[in-house]
Amino acid sequence: MGFKDFVGNENVITNIRQMLAHERFPHAVIIAGAEGAGKYTLAQMIAKTMNCLEPPAGDLPDFCGVCANCQRIAEADALEARCAEAVEVREGLRETDKKETRIFIQTHPDVIVIPPDPPQLMIKVDQVRRVTETIYFRPSNGKRRVYIFTNSAFMKEAANALLKVLEEPPEFATIFLLTGNTGELLPTIRSRSITLTLAPLRVEQLEAFLAKQSPALGAKQRSLVARLSEGAYGKAQSFDLAGYLAARSDALAILHSAQTEDHTSLFKATETYRAGAEGKEKTTLLLRTLYSLLEDLMYIQSGTPELVKNLDILSDLERMAKTIPFCWIEGASRGLGEVESGMRRNLLRSLSLDAFAVSLER
């Protein structure tokens, strides 16, 4: 257990360990990268290294993974599960207490994880105030206090409150800001932080890792997952290939139906997209799949088929690309944006998808 288990971005890992070795680690760090790139995993590893009670011997700092501090911090590694538990606890409170309670993950006294607060899924000012109230107290069980903001979607007041902390941070605290888009953060926050960017892995690298981790997958399946994961190892690890293929089948039915007057297959596909949380997840996956297919069609039309992600159906996509103009793909992309907007307004999903497909008729 240690930094050796982090996949890819060796230069970034080495720079981090060197900063830790020279005790020059900054007080505010932005970790940027795509979804599944390992941003949260890396922040947790650094938190463990900073507070490890039995660090392994070596030229560069690392964490043991077995001491009391490492184990307690590791309890928050399963972020989604911990967040679900915190939300469930809040739902059990009285209505007045529920409104005043914000979501935090704290399995170690000196390490606090701050996820976006539901239902808006944004970092709220009360969450930042919790940081400002505790950050100036010296750590009780470790060497440093660590705060990990898992999202960069800050409400305006929350961003301004965080900025005040960054202007005068204590020497024994580090704040991590995880983001897929640094532009979401205020320029004044970015100027007071250093940015570590996790680059995407090559398709060949991901295929090799998948061959070891999931030997049951065939070569074509590994290639498809690697390309759809967009260089993110964590995304490749948890990729639901069966779910994606089912969504892609429906997405192709929608696109093909727009080329004909027979919408029988379309209505069969869209009638399963019902209300409720499960239906929302299914519809979101379908929209992402549609975007992926439209993107592949643009790659083909622009003469760069090597960028296509859905290589296993390349011939089908090439036939489709020959019969539709670029302006049709552009209009389809805009139409998907309208469907997403309708989902936020709780419009009937199956009806929205039917209307989207019919609007594409040529």
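By salt bridge I mean a side-chain nitrogen of Lys or Arg within 4 Å of a carboxyl oxygen of Asp or Glu. Glu-171 sits in the loop between helix H7 (156–167) and strand S5 (173–179), and Arg-138 in the loop between helix H6 (125–134) and strand S4 (145–149), so this pair ties together parts that are 33 residues apart in sequence. Both residues are exposed. Exposed is over 50% relative accessible area, buried is under 20%, and partly exposed is in between, with a 1.4 Å probe and protein chains only. Helices (H or I, at least four residues) and strands (E, at least two) are DSSP runs, numbered from the N terminus.

Some background on the model. It is predicted, so local features need pLDDT of at least 70 and side-chain atom pairs count only at pLDDT 80 or more, while totals for chains, interfaces and linings use all residues. Residues are numbered from 1 along each chain as its sequence is written, and side-chain values use heavy atoms, with hydrogens and water left out.

Now the overall picture. The protein chain has 17 helices and six strands. Of its 362 residues, 47% are buried. Contact here means heavy atoms within 4.5 Å. Taking the contacts with a separation of 6 or more, 69% are between residues 24 or more positions apart.

Back to the salt bridges. How many are there by this rule? The count is 19. One of them joins Glu-85 and Arg-82, with 2.8 Å between the closest N and O atoms. These two are three residues apart in helix H4 (residues 79–91), which means about one helical turn separates them. Glu-85 is partly exposed at 39% relative accessible area, and Arg-82 is also partly exposed, at 21%.

Another joins Lys-309 to Glu-230, at 3.8 Å from N to O. Lys-309 lies in the loop between helix H14 (277–301) and helix H15 (314–323), and Glu-230 in the loop between helix H10 (219–228) and helix H11 (233–237), so parts 79 residues apart in sequence are tied together. Lys-309 is buried, at 11% relative accessibility, whereas Glu-230 is partly exposed, at 44%.

There is also a network of salt bridges, linking Arg-90, Arg-102, Asp-117, Lys-124, Asp-126 and Arg-129. Lys-124 is placed in the loop between strand S3 (111–114) and H6. With a relative accessible area of 9%, Lys-124 is buried. Beyond its neighbours within four places in sequence, Lys-124 is in contact with Arg-102, Asp-117, Pro-118, Met-155 and Ala-158.

Ala-158 brings us to helix H7, where it lies. Is Ala-158 buried or exposed? Ala-158 is buried, with a relative accessible area of 0%. Not counting residues up to four places away in sequence, Ala-158 touches Ile-123, Lys-124, Val-125 and Val-128. Ala-158 and Val-125 are 33 residues apart in sequence, yet their C-alpha atoms are 3.9 Å apart in space.

Next, how H6 and H7 pack. Two packed helices are described by the angle between their axes and the distance between the axes. The axes of H6 and H7 come within 8 Å and cross at roughly 15 degrees. Axes are lines fitted to C-alpha atoms, for helices over the stretch in contact, and angles run from 0 to 180 degrees between N-to-C directions. H6 and H7 are therefore roughly parallel; angles under 35 degrees count as that, over 145 as roughly antiparallel, 65 to 115 as roughly perpendicular and the rest as oblique. The contact is made by Val-125, Val-128 and Thr-132 of H6 with Glu-157, Ala-158, Ala-161, Leu-162 and Val-165 of H7.

Last, the backbone. Most residues other than glycine have a negative phi, and most peptide bonds are trans. Glu-230, a residue other than glycine, has a positive phi near 55 degrees. Asn-9 also has a positive phi, of about 50 degrees, and is not a glycine. Asn-9 is in the segment before helix H1 (10–21) and counts as buried at 13% relative accessibility. Which peptide bond is cis, with omega near 5 degrees? The bond from Pro-118 to Pro-119 is, and Pro-119 is in the loop between S3 and H6.
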